[in-house]
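Subject: Structure handover

Hello,

Please find the structure below, with its sequence. My notes on it follow.

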Amino acid sequence: MAIVLKTASGIDKMRKAGRISANALKVAGEALEPGITTKEIDNIARKYIESQGAKPNFLGLYGFPATACISINEEVIHGIPSHDRVIKEGDIVSIDLGAEIDGYNGDNAATFAVGHISDEAQRLIDTTRESLYEGLKYAVAGNRVGDISHAVQVYCEERGYGIVREYTGHGVGRKLHEDPSIPNYGTPGKGARLLPGMTIAVEPMVTEGSYAIRQLSNGWTVVTEDGKLAAHFENSVAITKDGDCLILTTPDI
């Protein structure tokens, strides 16, 4: 494992990349409405990122064909935008995207409600969002990755939800995916030590039922095995020497 600690200058550049990423996520989320296609949402996100002088860092990564992963209802992650996929009233839509500028990357995700959704879907969204912030309470220097992981797991499982095992958060910096992995389940006191200058992406992927998943034949999209709903939230953060973590993916528009 090769964890790269960032300088103050590097973190400043990551804040710039994170701001653009967060703004793109906000713009894409606000564009969601019944009748729009996932490809149209993807185009909106790409246009914003490029207007800021940045580049979409998902586009072409490992062969992924779009700016954003757009995943609907039972889709957990890696939904491929399409002109044929139309958003409907009552859908929940997870958007995961990032931007690279000045050699540094931002990465963030959120799940959005389209119109009126069920109470059950809203509880899943709320729990997933809150589990991210429960985990970030432990993203402080001196703790270990397992402290974050355990906090996310306990928050969700106590409320009856599943935590995806096969996919995790990660380090982020000059590369979109760096060490260490940040699982959403685990044991406190285990895993890599959190040090000032570490920059990581914490991203709970939470299911309404079983945490079992499968990948579709397109080789990308991951869905719940039982067909129940899933939600996904993510922030990129920096571990600071002053205590609380610094959220890098904060919108300013």
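H170 is buried, since its relative accessible area is 6%; buried means under 20% relative accessible area, exposed over 50%, and partly exposed in between (1.4 Å probe, protein chains only). Before the rest, note that this is a predicted model, in which local features need pLDDT of at least 70 and side-chain atom pairs count only at pLDDT 80 or more, while totals for chains, interfaces and linings use all residues. Residues are numbered from 1 along each chain as its sequence is written, and side-chain values use heavy atoms, with hydrogens and water left out.

H170 sits in strand β9, residues 169-171. Helices (H or I, at least four residues) and strands (E, at least two) are DSSP runs, numbered from the N terminus. The side chain of H170 reaches the backbone oxygen of L176 at 3.2 Å. Contact means heavy atoms within 4.5 Å. Leaving aside neighbours within four places in sequence, the residues in contact with H170 include D107, H177, P180, I200 and E234.

P180 belongs to strand β10, residues 178-182. The peptide bond that joins D179 and P180 is cis, with omega about 0°.

Two positive phi values

Most residues other than glycine have a negative phi, and most peptide bonds are trans. H78 has a positive phi, near 65°, and is placed in the loop between β3 (75-77) and β4 (92-97). D102 also has a positive phi, near 55°. The loop that holds D102 runs between β5 (99-101) and β6 (104-105). D102 counts as partly exposed because its relative accessibility is 44%.

N235

N235 is in strand β16, residues 235-238. With a relative accessible area of 7%, N235 is buried. Which side chain does the side chain of N235 meet in a polar contact? The partner is the side chain of T249, at 2.7 Å. A polar contact is a pair of N or O atoms within 3.5 Å; within protein, one must be able to donate a hydrogen and the other to accept it, and residues adjacent in sequence count only if both atoms are side-chain atoms. Leaving aside neighbours within four places in sequence, N235 is in contact with D107, L132, Y133, I200 and T249, among others.

V223

V223 is found in strand β14, residues 222-224. V223 counts as buried because its relative accessibility is 4%. Beyond four places in sequence, the contacts of V223 include E74, E75, V76 and R214. V223 and K6 are 217 residues apart in sequence, and their C-alpha atoms are 35 Å apart in space.

The chain as a whole

The chain has 4 helices and 17 strands. Its C-alpha atoms fill a box of roughly 45 × 45 × 30 Å along the principal axes. A compact globule of 253 residues would have a radius of gyration near 18 Å, and the 17 Å of the chain agrees with this. The radius is taken over C-alpha atoms, and the globule rule is 2.2 Å times the number of residues to the power 0.38. Of the 253 residues, 53% are buried. Among contacts with a separation of 6 or more, 71% are between residues 24 or more positions apart.

Regards
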